[in-house]
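Here is a walk through a two-chain model, written for someone who would rather look than read tables. Have the viewer open and follow along.

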Amino acid sequence: MLRRTFVALPLVACLAGCRGQRQFARFVAPGDRLMMGSHQAGSETFAPLVDEAVAKLLARHAEAPVQQVSYDAEGRPLPCPPKRICFVGVENKSAEDIGDFKDELYEVIDARILDSAVFAPLNRRFVEAGLRATRIRPDELCVPQRMRDFAAHLEREGEPIDYLLYATLTSGTTRENRDYERSYRLSLELVDVRSGAYDKQSADITKGYHHSRLSRWRASR
Amino acid sequence: MRRAGLIVAPCLLLAGCTTHLARLEPVRTAYFGGDIAAAERLVDEAIDSHASDADVLTLDKGLLALADGRPDEARRLLVTVRDRFDHLEQESPAEDAWSMLTDDRQRAYAGEDHERVLVRALAAVADLAAGGDDAEALALQAAEKQGEIVAAAVADDGTNPKSGYRPVALAPYLRGILREATHRDYDDAARHYATVASWEPGYAPARDDVVRAGGGVHSAPGHGVVHLVALVGHGPCKVVVEEVPSSAALLVADQILSATLAQSLPPTIAPIRVPRVVAAPGRVRAVAVGRAAGAGWTTAGRTTTITDVSRMAVEQDAAVHDLAVGRAVARRALKKATVFGVKEGIGLDRFGPAALLFDVAGVAWEAAENADTRCWGLLPDSVQVLRLELPVGDHTLALCAVDEAGRAVGSSVARSVSVEDGRNAYLVVTAVDAGIIGGAAAVDR
């Protein structure tokens, strides 16, 4: 018994003293609990914002009355082609540096719009090449002449567009001593390049950041 | 007298142990003298003979590869050490306990705080030069790492010795230039440049960067941008310093305790040694750049410091120096207590020869300690950058290391760079006392 203890104790001591193993990972399946960003927004915030904002925008335009303008050889009406949309980019005007989420947000929104068949988004690489070739800043596209120049450039490249789409992330912070609440808004603005008319849909989420578990518990009561 | 002689002798025998600094010195001399091949050979030999220091020596190997125009290899080596440091920075109670019985050299080296950030930032620079796609991710990791290091140092009483750490502005700068080159994410670029201006107020071009990203464009039509990144000067290194006041105080304390306790304590003859980061910047202060114009050259600009590595390392070391001294004093106390406990446990006669032998052994044990001088020895004194907007086409740039007064250090070298419309090109050079050394890499994205 004593001998067994003598052997076991150093072994336990060694194991307890060892440096941890290398990092572990897991797949997060749909429905699994997501990590909650403790200091800033993460996918737990952005995913529902994107879902809601994109769904609202698509729903509004899917319901829009369609004016049939073309017919096939037998006189049957042809389905209206989806509107060509140029997704200019995601603008981060929030208080946080969203790090690697910016490109992620772009790709997710772009993919959702492409899947919907309500709009036909222009490939991102064409958008970037167009901005580079014309040296027009995304925020300058709202100037009518610059917008026309950009649309004309894309048309010359064989990629005509009907709409420009902007995504803007904003935030507002309310502080209470060491705790604070931050409301995040993702706005999608759709601008008709011919008329300048625009549509806007947005989604909001408010998140509380607490300095202690007790504070979080009190806030959630 | 005889007793004192017996006690001092082991100190003299053990004091000459080789430190990392001794191994590093010839490597630094060769590298800063411009002999990359000799420096690489010495680093390889050191890795072979001191496998436990392989990580920190691999960092030096990475910078040698970068200076020699092998940025892809440099990036791979730096990223490998980044992963090792991430693993080693976890606490190991067994290693901590063992280091309390020996010294800090027995702990696996997980890098100093500035090294853990710079390994990411310089890997990003190497990635740019190699034409890779990971530069932005690595720069983001550098910024995140420095936040993590500061956040983890908050004490129970809310104080944080690392709260005053000087951040590495190179990381947001790299993110800024990459975002600006998309011609789409000017908002991100402006945000990163504003961070640079705030973190490194001495970097004057940040104001122009903020203005351009806020309302201008990346470059005029028919132009592109060359970003010159220069690793300038000789970086900091660790030297051994003797903490005389702490040693003297400990000597007085153990004399008092020896006079009052049942057994004597080994006297503090061997001084307490701790590492201290010192700057040794060398002569070079910047890189002057000229452009071929007709038969002659025109001045294109001069690099500006975006990250003062030496200053950052020295300040960070000063912020945590007391902790290192405290750990060394605690180690001495533990060793003295162990010798006392053993003598008391076996009931030795306080003035007998066995007790004297124990004291001699105790002094020898203490004298065997040395400071941990492992460090990234080939870091530059500063990382400097220069932005040049140039017309589309091939250009030849003349690069010359200059000293404080603007005088040339070494001869100027010519480097070719290709500029494409609306795109970035990158040129990474190393400037030491021998001038511009090794091959510079230029790529287009």
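B:V402 stands opposite B:A408 in strand 9 of chain B. This is a predicted model, where local features need pLDDT of at least 70, side-chain atom pairs count only at pLDDT 80 or more, and totals for chains, interfaces and linings use all residues. Residues are numbered from 1 along each chain as its sequence is written, while chains are lettered from A and ligands numbered from 1 in the order in which they are written. Helices (H or I, at least four residues) and strands (E, at least two) are DSSP runs, numbered from the N terminus.

Back to that pair: strand 8 (residues 393-402) and strand 9 of chain B run antiparallel and share nine bridges. Two strands count as paired if DSSP finds at least two bridges between them.

## Strand 4 and its two neighbours

Which residue stands opposite B:G290 in strand 8 of chain B? That's B:A398. Strand 4 (residues 286-293) of chain B is joined to strand 8 of chain B by six bridges, again antiparallel. Over in strand 5 of chain B, B:G290 has B:T299 as its bridge partner.

Strand 4 and strand 5 of chain B are also antiparallel, with six bridges. They make a hairpin with two residues between them, and B:G294 in the turn has a positive phi of about 65°.

## Helix pairs in chain B

Helix 2 (residues 20-32) and helix 3 (residues 36-49) of chain B pack at about 160°, with their axes 7 Å apart. The two are therefore roughly antiparallel to each other. (Angles under 35 degrees count as roughly parallel, over 145 as roughly antiparallel, 65 to 115 as roughly perpendicular and the rest as oblique.) Their crossing is left-handed; that label applies if the near helix is turned anticlockwise from the far one by less than a right angle, and right-handed applies if clockwise. Among the residues making the contact are B:V27 and B:Y31 of helix 2 and B:L42 and B:A46 of helix 3 of chain B. By class, the contact has 10 nonpolar, no polar and one charged residues. (Ala, Val, Leu, Ile, Met, Phe, Trp, Tyr, Cys and Pro count as nonpolar, Asp, Glu, Lys and Arg as charged, and the others, Gly among them, as polar.)

Helix 12 (residues 244-260) and helix 13 (residues 309-345) of chain B pack at about 25°, with axes 11 Å apart. That makes helix 12 and helix 13 of chain B roughly parallel to each other, and helix 12 passes helix 13 in a right-handed crossing. B:S246, B:L250 and B:D254 of helix 12 meet B:V325, B:V329, B:R332 and B:K336 of helix 13 of chain B. This contact has three nonpolar, one polar and three charged residues.

## A buried helix

Why is helix 9 (residues 170-180) of chain B described as largely enclosed by the rest of the structure? Because 11 of its 11 residues are buried, including B:Y173, B:R175, B:R179 and B:E180. (Buried takes 20 or more other C-beta atoms within 10 Å of a residue's own, exposed 12 or fewer, partly exposed in between; C-beta atoms are placed from the backbone.)

## The two chains

Chain B has 14 helices and 11 strands, and 48% of its 445 residues count as buried. Its C-alpha trace spans about 90 × 45 × 35 Å along the principal axes. Chain A comes to six helices and five strands, with 24% of its 221 residues buried.

Where do they touch? In all, 19 residues of chain B are in contact with 21 residues of chain A, with contact taken as C-beta atoms, placed from the backbone, within 7 Å. On the chain B side, helix 6 (93-101), helix 8 (135-152) and helix 10 (186-199) each give two or more residues. Helix 10 of chain B gives the most, with four. By class, this side of chain B has eight nonpolar, six polar and five charged residues.

How values were computed:
Axes are lines fitted to C-alpha atoms, for helices over the stretch in contact, and angles run from 0 to 180 degrees between N-to-C directions. Two residues are in contact if their C-beta atoms, placed from the backbone, lie within 7 Å.
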